[in-house]
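Please brief me on this protein model.

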Amino acid sequence: MIVSKDEHTQTVGKPKILVLDIEHSYLVGGVWGLWNQNISIDQMLDDGQMLCWSAKWLGDSIIMFSRHSNPEFLSWLWDLLNEADAVLTFNGRKHDIPFINREFIKAGYKPPSPYKHIDLYETVKKHFKFPSNKLQHILKELGLGSKLEHEGFKLWVKCLQGDPKAWDVMKRYNIKDVKLLEKAYNKFLRWISNHINHILFAEDT
């Protein structure tokens, strides 16, 4: 189930763990060659933007999605992060969260309330020796499914051009990543060393 901003809910009495994934656009620069180029700041024509995000509360069936053209694009995401006790990502400590924070500060938002960050990429890298630590490889190794196939870089180009069909694929791709991330979390749960303590949120504590 996919909902709008005012329709999402969360179970009371449990830690609020937000499963989150973003997609962003590519950088654009002016270059004089294709091989072994060092791009200076002066050559930057576009430093990219967050295109869309998808999120769900862990254990809930409701999935949230928003793209940059939505007036509530950042405010909705800020509200979710402000509400979350923990955020679940894959390589989000170096990628998703810093990119989101950049969008927040540029738009004049204050930081959301502190939350614990559960980055499954760090768990995989710390405890296992897979041939690759990419999410797609991990999913296949563990029989958890596969990311949505698409045409690659051209999909991002078409989305920036406003192609409705491309945006439909991007939406399904972003949402499926969140679903797969939750499946990977359930598989790796006992290996996560920095997990939030559920006992702290029990109603009788």
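The protein chain has six helices and eight strands. Both are DSSP runs numbered from the N terminus: helices are H or I with at least four residues, strands are E with at least two. From the N terminus on, the order is β-β-β-β-β-β-α-β-α-β-α-α-α-α. This is a predicted model, in which local features need pLDDT of at least 70 and side-chain atom pairs count only at pLDDT 80 or more, while totals for chains, interfaces and linings use all residues. Residues are numbered from 1 along each chain as its sequence is written, and side-chain values use heavy atoms, with hydrogens and water left out.

**Burial and contacts**

- Of the 205 residues in the protein chain, 41% are buried. Buried means under 20% relative accessible area, exposed means over 50%, and partly exposed lies in between (1.4 Å probe, protein chains only).
- Among contacts in the protein chain with a separation of 6 or more, 72% come from residues 24 or more positions apart. A contact means heavy atoms within 4.5 Å.
- Helix H1 (residues 73-83) is mostly covered, with eight of its 11 residues buried. They are Phe-73, Leu-74, Ser-75, Trp-76, Leu-77, Trp-78, Leu-80 and Leu-81.

**Largest pocket**

- The largest pocket holds about 450 Å³ of space. On a 1 Å grid over the protein atoms alone, a pocket is an open set of points where a 1.4 Å probe fits, with protein on both sides within 12 Å along at least five of seven lines; lining residues have an atom within 4 Å of a point. Grid points are joined across faces, edges and corners, and the volume is the space filled by probe spheres set on the points.
- The lining of the largest pocket counts 18 residues, and the closest to the pocket centre are Asp-21, Phe-90, Lys-147, Tyr-173 and Asp-177.
- Strand S2 (17-24), helix H4 (135-141) and helix H6 (164-188) are the elements that give two or more residues to this lining. S2 gives the most, with four residues.
- By class, the lining has seven nonpolar, five polar and six charged residues. Ala, Val, Leu, Ile, Met, Phe, Trp, Tyr, Cys and Pro count as nonpolar, Asp, Glu, Lys and Arg as charged, and the others, Gly among them, as polar.

**Aromatic pairs**

- There are eight aromatic pairs. Rings of Phe, Tyr and Trp (its six-membered ring) pair if their centres lie within 6.5 Å; planes under 30 degrees apart are stacked, over 60 edge-to-face, and the rest tilted.
- Phe-90 and Tyr-121 form an edge-to-face pair, at 5.7 Å centre to centre and 80° between the planes. Phe-90 lies in the loop between strand S7 (86-89) and helix H2 (96-106), and Tyr-121 in helix H3 (residues 120-127), so the pair ties together parts 31 residues apart in sequence.
- Phe-90 is buried, with a relative accessible area of 15%.
- Ring pairs also link Phe-128, Phe-130, Phe-188 and Trp-191 into a cluster.

**Charges over rings**

- The charged end of Arg-67 sits over the ring of Trp-167, 3.9 Å from its centre. The rule asks for NZ of Lys or CZ of Arg within 6 Å of the ring centre and within 35 degrees of the ring normal.
- Arg-102 lies over the face of Phe-99, 4.6 Å from the ring centre.

**Two partly exposed residues**

- Pro-98 lies in helix H2. Pro-98 is partly exposed, with a relative accessible area of 37%. Not counting residues up to four places away in sequence, Pro-98 touches Gly-92 and Arg-93.
- Ile-39 lies in the loop between strand S3 (28-29) and strand S4 (44-46). Ile-39 is partly exposed at 41% relative accessible area.
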